[in-house]
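Dear colleague,

I am passing on the structure below, followed by notes on what came out of it. Please read them with the model open beside you.

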Number of protein chains: 2
Amino acid sequence: MKKLPKISESEWLVMRVLWSKSPLAAQEVFEQLDATTKWKPKTVKTLIDRLVKKGAVKYEKDGRRYMYYPAVGRDEYVTKERRSFVRRVYGGISKPMLAAFLEDAELSADDISELKEILEQKAEE
Amino acid sequence: MKKLPKISESEWLVMRVLWSKSPLAAQEVFEQLDATTKWKPKTVKTLIDRLVKKGAVKYEKDGRRYMYYPAVGRDEYVTKERRSFVRRVYGGISKPMLAAFLEDAELSADDISELKEILEQKAEE
DNA sequence: CTCCTAAGATTACATTTGTAATTATATACA
DNA sequence: TGTATATAATTACAAATGTAATCTTAGGAG
């Protein structure tokens with residue numbers, strides 16, 4: 001698998017927007033983020049530009065503006081981040097970590113059954 | 001609860017050492033890290049100094065050197081990081097995230113039972 | 001008492017990140 | 001066709017980070 005560029009905290013918010021809907025113009029990305037951040041349009045544009053430079057976002061022309069879309073898959077990224085997180089914080093995936101996550105979660109009965117099933121699956125290996 | 005200072009990627013490695021054993025002299029911290037990093041002693045010292053400045057590490061004198069120890073609890077930190085991780089990456093704790101963690105984990109039969117128990121506990125709430 | 005040496009203190013410096021502002025340019029409207 | 005305006009391109013600038021090197025000083029070796 002290819003090396004995925006590092007995405008900073010702020011850049012993640014931009015990626016999340018593009019992963020949820022794309023292609024989007026810079027202006028539209030800004031609008032999506034306006035609710036949750038205090039960023040100015042220029043700030044959002046800078047973040048997008050950096051993501052393009054890093055190769056995490058691509059674009060196509062649409063008249064005088066660019067329409068941006070993710071160049072990397074959300075799932076790959078999430079997996080990478082999840083792993084680097086557990087390595088950094090717990091030194092590797094571990095039961096105490098999972099326990100903490102589970103305890104911290106708000107789960108519906110359905111969610112709980114599904115997760116239990118995953119565990120049962122694993123028990124069989 | 002008090003505000004916990006931000007700890008960078010590299011600083012985490014230092015904290016992990018001190019959380020596992022302390023107090024330690026800078027030299028000793030370096031020795032612990034030498035196996036897993038390519039850092040020079042001076043680099044480790046700089047990281048320690050920054051952690052002291054941030055208030056994450058304290059020290060006491062021991063002759064002409066300092067013995068360092070964590071000023072913040074590992075558990076608080078891990079909780080904080082875990083939450084900021086899920087917020088950033090998943091936008092909040094979620095079942096898909098937990099499922100991914102569980103699937104990615106290497107678990108013993110005992111671990112699995114324990115985790116299932118946690119889930120059952122949650123089911124009752 | 002003097003000098004070497006190991007710690008600590010100070011300084012360095014490029015890169016990344018957060019957060020924009022300024023400048024150039026292509027259009028759409030008057 | 002000249003001009004206001006929306007976009008893009010370029011530039012800004014401080015703080016944090018990664019990764020040390022150099023300078024200073026106190027204690028131990030001779």
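In this predicted model, chain A can be laid on chain B with an RMSD of 0.1 Å by a turn of 179° and a shift of 0.0 Å along the axis, where copies are superposed by least squares on the C-alpha atoms of residues with pLDDT of at least 70 in both. The two copies are thus related as by a two-fold rotation axis, and the residue of chain A that comes closest to that axis is Lys116(A), its C-alpha lying at 3.1 Å. Of the interface residues of chain A, 100% are also interface residues in chain B, so the copies meet through the same surface (contact means heavy atoms within 4.5 Å).

Chain A is divided into domain 1 (9–70) and domain 2 (94–125), with bounds from an automatic or database domain assignment, and the C-alpha centres of these two domains lie 34 Å apart.

In chain A, Ala26(A), Val29(A), Phe30(A) and Leu33(A) of helix 2 meet Pro41(A), Val44(A), Lys45(A) and Ile48(A) of helix 3. The residues of this contact divide into 7 nonpolar, no polar and 1 charged (Ala, Val, Leu, Ile, Met, Phe, Trp, Tyr, Cys and Pro count as nonpolar, Asp, Glu, Lys and Arg as charged, and the others, Gly among them, as polar).

Residues are numbered from 1 along each chain as its sequence is written, while chains are lettered from A and ligands numbered from 1 in the order in which they are written. Local features need pLDDT of at least 70, side-chain atom pairs count only at pLDDT 80 or more, and totals for chains, interfaces and linings use all residues, with side-chain values using heavy atoms and leaving out hydrogens and water.

Notes. Helix = DSSP H or I, 4+ residues; strand = E, 2+ residues; numbered from the N terminus.
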